Amino acid sequence: MLETETFLHDWTGEIAAPLTLVRNRVKPDWVDEYHHLNMAHYLTICDQANWAFWNWINAPVQTIEARAGHEYAIVENHVTYTGELAEGAAFSIQTQLLDLDAKRFVLFHRVLDADGRPSATNETKMLGFNLDTRRAEAWQPQVAERLAQVLAAHRALGTPPEAGQGIALKHR
């Protein structure tokens, strides 16, 4: 199994709105010819936030093996780029749960630089997925309960203006 940063956090029942589960620095191999974070690596760092959120929701069951195949699959992503992050730059990611049903949820991430300025956003849709059957499945009971608690806490934040946007040439 590939060793990755997992950003493990214990579930305490306290739900920040929004959550900040990832703080990191831009790695040298994430930087492109323009000397800033490559566009593909914005998805890399937002995926760190996906894993941090998933591990937090499942805590203390925070490994794939312990979850016995009850995972998620990403079925859609939308990224906007609003700033730059240079090699070595510190960043954090704010995560907001926007919506959910029995098998899906939508997360919205804001990538912030060290001064709190936005560098990117990422909206992503997850689908409950069983690694053994290779099929969609409903969330496990504890996960479903915690997702509902997070959604209730995050509803007060409202919908970010960048959420639900597609690609268009017209000004929004």
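Trainee: On what basis are the values given?

Mentor: The model is predicted, and local features need pLDDT of at least 70, side-chain atom pairs count only at pLDDT 80 or more, and totals for chains, interfaces and linings use all residues. Residues are numbered from 1 along each chain as its sequence is written, and side-chain values use heavy atoms, with hydrogens and water left out.

Trainee: Is Thr 121 buried or exposed?

Mentor: Thr 121 lies in strand E5, residues 118-130; helices (H or I, at least four residues) and strands (E, at least two) are DSSP runs, numbered from the N terminus. Buried means under 20% relative accessible area, exposed over 50%, and partly exposed in between, with a 1.4 Å probe and protein chains only. Because its relative accessible area is 4%, Thr 121 is buried.

Trainee: With which side chain does the side chain of Thr 121 make a polar contact?

Mentor: A polar contact is a pair of N or O atoms within 3.5 Å; within protein, one must be able to donate a hydrogen and the other to accept it, and residues adjacent in sequence count only if both atoms are side-chain atoms. Contact in general means heavy atoms within 4.5 Å, and, leaving aside neighbours within four places in sequence, the residues in contact with Thr 121 include Val 79, Phe 108 and His 109. The polar contact of 2.3 Å is with the side chain of Thr 80.

Trainee: Which side chain makes a polar contact with the side chain of His 109?

Mentor: His 109 is in strand E4, residues 104-113, and is buried because its relative accessibility is 0%. Not counting residues up to four places away in sequence, His 109 touches several residues, among them Cys 46, Ala 49 and Thr 121. The polar contact, at 2.7 Å, is made with the side chain of Asn 50.

Trainee: What distance separates the C-alpha atoms of Val 22 and Arg 117?

Mentor: Val 22 has its place in strand E1, residues 19-25, and counts as buried because its relative accessibility is 0%. Among the residues that Val 22 touches, beyond those up to four places away in sequence, are Phe 7, Ala 52 and Phe 91. Val 22 and Arg 117 are 95 residues apart along the chain, and their C-alpha atoms are separated by 15 Å.

Trainee: How are helices H1 and H2 oriented relative to each other?

Mentor: Axes are lines fitted to C-alpha atoms, for helices over the stretch in contact, and angles run from 0 to 180 degrees between N-to-C directions. The axes of H1 (residues 39-58) and H2 (residues 141-154) come within 9 Å and cross at roughly 115°. Angles under 35 degrees count as roughly parallel, over 145 as roughly antiparallel, 65 to 115 as roughly perpendicular and the rest as oblique. H1 is therefore roughly perpendicular to H2.

Trainee: Which residue is joined to Ala 17 by a cis peptide bond?

Mentor: The bond in question has an omega of about 0°. Its second residue lies in the segment before E1. That residue is Pro 18.

Trainee: What is the value of phi for His 35?

Mentor: His 35 is in the loop between E1 and H1, and is exposed because its relative accessible area is 62%. Its phi is positive, in a residue other than glycine, and is near 70°.
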